[in-house]
Amino acid sequence: MKVCLFEDEKFDLLYPLTLTRASFELRCGSMTLVERIRRFNPGIEASFFLRDYLEPVLRERLGNAVVNSLEDLGRDDVILVNGRWLPEHGRLPIEGDETVATCRGDVVYVRAKRETVRRSLSDSLQKTIENLRSELSVEEVEARMVEYPWHLVQYNHELLKEDFEAYWSKREGVKAMGEMVSVVGDKSLLHVSRGAAIHPFVVLDTSSGPIMVDDGARIYPFSRIEGPCYIGRDTWIVRGNIREETSIGPVCRVGGEVEASIIQGYSNKYHTGFLGHAYVGEWVNIGALTTNSDLKNDYSTVDVYVKGRLMDTGDLKVGSFIGDHSKFGIGCLLNTGTVVGAACVMLGGEVLPKYIPSFCWYADGRLRRGAGFRRTVEAERRVMSRRSVVMSESYVKMLEKIYQDTKEERETLIRKAELRLQQGGL
Amino acid sequence: MSVEEKVKRIIAEHFRVSVESLKDDTSLVDDLMAESIDTVELIATFEEAFNLEIPEEEAERNQTVGQVVEYIKAKLAQAGRC
């Protein structure tokens, strides 16, 4: 049996987070779906289907992965897994009869034998799944499907606890903390990898859930970590107040107050300032005192821009969604439910607009075209090299595709914003 | 549209002034209050509009609207497109 992770047509509801990665590469809990399936099902062969422009970058990230190969699909019995699904405890329903499982219209997974897949093969995965859907029995199941970015934040709490139970609690970690480290709550809910360092005057509070500290992570003095929480590989917490339901991916530098948020990885939020109910991509830098709101003053539900329209999340607590490579200067203020695209630059001092298109700058109350593609790539190359990561040509091509694809939206919104300014509006 | 008209229109739009108000000796810094962020953005806009590569150290030598027009014309000529 092979597992095949696929993106369905709803990937763009998860923008800006899925501009630069597939839905199954998003972090929720202590890992991404790809990592979860590989770790929880060792030895299982996995293949992937995603948008063409992301294919070379995924190959680089995953090594010799089989990507977008319909030919490969018919070689074995398979379970096709929707990349937006968060299976309970990471368990895949590998055993059982052939079936198509759906949840409110979305295909969650398809379990099929090789012969059935071969009969259903078409010229695209989507058509192949449609063929399987008409051939096999369809069953409606309850499933945690991530449809919008805020769902990742909402599910993070459950996933952190499940990951601890299924994976981290079974791993050998540091047995005893240093004398000046305080553990509040159940010590068995703490996993500190052997290569991690917890400095004196750190409080680890497991009263509300487990804390997982991955290899190479460093928690510096005067930090407080509340579970459930995951601190990623080689990430530093510098005088951080890391509140519950937070996942911080690898190689981040995080200080200040962070609550119920997810940071994909390789991002910095070194200084004082609040980040709550947010999802931050990779290579983001958040300047000192930059703060996001995650609760409106009238305690009403938060609206977020999705595909150009404001959408009611139905949730009272929603922070910001920030695309890869975006940078915030000191003192930026982000309104509740703000969306910032990829590779944006924001200068602070005022409340930012609720939506900033990719590769835009916001400064002096104006939405701007910014430094253009070439200079942005040059700058980001420098950013990545500081963490010993080389920006590959495939990666540059991916960014260029995003730059071109978002150009029309960028120009339209800049024009509209200029018009509003000329008319004296906000 | 001539190169001069196109350059002036980009500058006018960027600083939100009328094209007519821009003279050859209009200073980007003294008259239009250009800051470093404006320079970066204008260079990127000219690069895209004229399909040119403009080194920052060259661009920074242009202090007036007229100098920018002449500079762009020269770069286009260099590229064999003027």
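**Notebook: chains A and B**

I started at B:Ala12 and listed its contacts beyond four places in sequence: B:Val17, B:Ser18, B:Val19 and B:Leu22. I count two residues as in contact if their C-beta atoms, placed from the backbone, lie within 7 Å.

A note on the source: this is a predicted model, in which local features need pLDDT of at least 70, side-chain atom pairs count only at pLDDT 80 or more, and totals for chains, interfaces and linings use all residues. Residues are numbered from 1 along each chain as its sequence is written, while chains are lettered from A and ligands numbered from 1 in the order in which they are written.

**B:Ala12, continued**

I placed B:Ala12 in helix α1 of chain B. Helices here are DSSP runs of H or I of at least four residues, strands are runs of E of at least two, and both are numbered from the N terminus. From B:Ala12 to B:Leu22, ten residues along the chain, I noted a C-alpha separation of 7.4 Å.

Is B:Ala12 buried, exposed or partly exposed? I have it as partly exposed because 17 other C-beta atoms lie within 10 Å. The cut-offs are 20 or more other C-beta atoms within 10 Å for buried, 12 or fewer for exposed, and partly exposed in between, with C-beta atoms placed from the backbone.

**Chain B as a whole**

I found four helices and zero strands in chain B, in the order α-α-α-α along the sequence. The radius of gyration is 12 Å, close to the 12 Å from the globule rule for 82 residues, so chain B is as compact as a globular protein of that length. That radius is taken over C-alpha atoms, and the rule is 2.2 Å times the number of residues to the power 0.38. The C-alpha trace of chain B spans about 30 × 25 × 20 Å along its principal axes. Of the 82 residues, 22% are buried. Among contacts in chain B with a separation of 6 or more, 59% join residues 24 or more positions apart.

**Helix α2 of chain B**

I looked next at α2(B), residues 36–50, which has 15 residues. From first to last C-alpha it reaches 21 Å, close to the 21 Å expected at 1.5 Å a residue; the expected span is 1.5 Å times one less than the number of residues. Its buried residues are B:Val40, B:Glu41, B:Leu42, B:Ile43, B:Ala44, B:Phe46 and B:Phe50.

What covers the buried residues of α2(B)? I noted elements of both chains, including β36 (366–368) and α7 (372–385) of chain A, and α1 (3–15), α3 (56–59) and α4 (65–78) of chain B.

I checked the backbone on either side of this helix. B:Met33 counts as exposed because it has 10 C-beta neighbours inside 10 Å.

**Where the chains meet**

I counted seven residues from chain B and seven residues from chain A in the contact. The chain B side has three nonpolar, one polar and three charged residues. In this scheme Ala, Val, Leu, Ile, Met, Phe, Trp, Tyr, Cys and Pro are nonpolar, Asp, Glu, Lys and Arg are charged, and the others, Gly among them, are polar.

**Chain A**

I found nine helices and 36 strands. Chain A has a radius of gyration of 22 Å, close to the 22 Å that the globule rule gives for 426 residues, so it is as compact as a globular protein of that length. Buried residues are 46% of the 426.

I then took A:Ser267, in the loop between β21 (262–265) and β22 (268–269). A:Ser267 is buried because 24 C-beta neighbours fall inside 10 Å. Beyond four places in sequence, A:Ser267 touches A:Cys252, A:Val280, A:Glu282, A:Trp283 and A:Val284.

Last, I looked up some backbone features of chain A. The peptide bond from A:Tyr15 to A:Pro16 is cis, with omega near 5°, and A:Pro16 sits in the loop between β1 (2–6) and β2 (27–28). The bond from A:Gly227 to A:Pro228 is cis too, with omega near 0°; A:Pro228 is in the loop between β16 (223–226) and β17 (229–231).
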